[in-house]
Amino acid sequence: MKNLLIVCLCLAASCSALRGFTDAECGVIASQQGHIMRLWTVADPGDSLFLRRKAVPLGREELQSAHFRMLKEGMLATVCDTTDRGVGIAAPQVGVSRRLIAVQRFDKPGEPFCFYVNPEIVWYSQTRLPGSEGCLSIPGVSDSVLRSERIVVRYLDEESLRMAADTVEGFTAVIFQHEVDHLDGVLFIDRLLPR
């Protein structure tokens with residue numbers, strides 16, 4: 001326990017020096033140390049209000065920090081948790097209101113999880129299809145949502161720090177739309193098809 005406190009204090013000190021993540025964000029990230037993070041859910045009123053906030057973009061300071069690497073590790077551990085596995089996750093779902101998502105790329109060999117910094121969807125196809133969706137932050141609920149079949153997503157490449165774009169279709173495009181919605185405080189239940 002003492003070692004955990006020392007690690008958290010050291011990480012918090014390095015966080016403030018970078019002018020990147022806030023002290024509160026550093027606290028959330030450091031407390032989990034890259035392990036499964038607490039999911040913020042609509043069942044808790046405070047969590048629900050937090051999930052409705054528009055997330056803040058990530059900058060160079062955050063991307064070059066140990067906290068960024070730890071946040072990615074924690075998000076990946078959380079979305080891959082065998083007790084409640086998902087296909088995508090957004091940083092606000094683990095208590096960090098930053099524009100970072102992880103998406104399982106069913107359109108790539110091995111179906112890897114890939115991270116996207118400051119993603120935005122810059123084009124939606126007019127062809128929209130209904131499909132069943134659920135959400136780690138809304139446990140036990142699934143329902144039909146209408147999503148574009150094909151999108152173009154633009155994001156900041158974390159290695160080159162340059163903007164990149166990708167055309168995505170099918171189920172992977174649905175995951176992107178769902179996760180980018182989280183960054184804008186929108187939940188899939190806001191988009192349910194009328195019964």
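Proline 112 sits in the loop that joins β2 (100–104) to β3 (113–124), in a model that is predicted. With a relative accessibility of 30%, proline 112 counts as partly exposed, because that value falls between the 20% limit for buried residues and the 50% limit for exposed ones. Apart from residues up to four places away in sequence, proline 112 touches Val103, Gln104 and Arg105. Between the C-alpha atoms of proline 112 and alanine 102 there are 9.8 Å, and the two residues stand 10 residues apart along the chain.

A second residue to look at is alanine 165, which is found in strand β7 (residues 163–169). Is alanine 165 buried or exposed? Its relative accessibility is 54%, and alanine 165 therefore counts as exposed. When neighbours within four places in sequence are left aside, alanine 165 is in contact with Val152, Val153, Arg154 and Tyr155. Glycine 74, which is 91 residues apart from alanine 165 along the chain, has its C-alpha atom 25 Å from that of alanine 165.

Glutamine 177, in turn, belongs to helix α6 (residues 170–183). Because its relative accessible area is 4%, glutamine 177 is buried. Its side chain has a polar atom 2.9 Å from the backbone oxygen of serine 148, and the side chain of glutamine 177 also reaches the backbone oxygen of alanine 173, at 3.0 Å. Not counting residues up to four places away in sequence, glutamine 177 touches Ile121, Tyr124, Arg147, Ser148 and Ile151.

The largest pocket holds about 210 Å³ of space, and among the 16 residues that line it, Val87, Gly134, Cys135, His178 and Glu179 lie nearest its centre. Two or more lining residues of this largest pocket come from each of β4 (128–135) and α6, with α6 giving the most, 6 residues. Sorted by class, the lining of the largest pocket consists of 6 nonpolar, 7 polar and 3 charged residues.

The second largest pocket has a volume of about 180 Å³. Its lining is made up of Tyr124, Arg128, Val145, Leu146, Arg147, Ser148, Gln177, Asp181 and Arg191, and the elements that supply two or more of these residues are β5 (138–148) and α6. Which element gives the most to the lining of the second largest pocket? That element is β5, with 4 residues. By class, the lining of the second largest pocket divides into 3 nonpolar, 2 polar and 4 charged residues. Glutamine 177 is one of the residues that line this second largest pocket, and Tyr124, Arg147 and Ser148, which also line it, are among the residues that glutamine 177 touches.

Conventions: Residues are numbered from 1 along each chain as its sequence is written. This is a predicted model: local features need pLDDT of at least 70, side-chain atom pairs count only at pLDDT 80 or more; totals for chains, interfaces and linings use all residues. Side-chain values use heavy atoms; hydrogens and water are left out. Buried means under 20% relative accessible area, exposed over 50%, partly exposed in between (1.4 Å probe, protein chains only). Contact means heavy atoms within 4.5 Å. A polar contact is a pair of N or O atoms within 3.5 Å; within protein, one must be able to donate a hydrogen and the other to accept it, and residues adjacent in sequence count only if both atoms are side-chain atoms. On a 1 Å grid over the protein atoms alone, a cavity is a set of points where a 1.4 Å probe fits but cannot get out, and a pocket is an open set with protein on both sides within 12 Å along at least five of seven lines; lining residues have an atom within 4 Å of a point. Grid points are joined across faces, edges and corners, and a volume is the space filled by probe spheres set on the points. Ala, Val, Leu, Ile, Met, Phe, Trp, Tyr, Cys and Pro count as nonpolar, Asp, Glu, Lys and Arg as charged, and the others, Gly among them, as polar.
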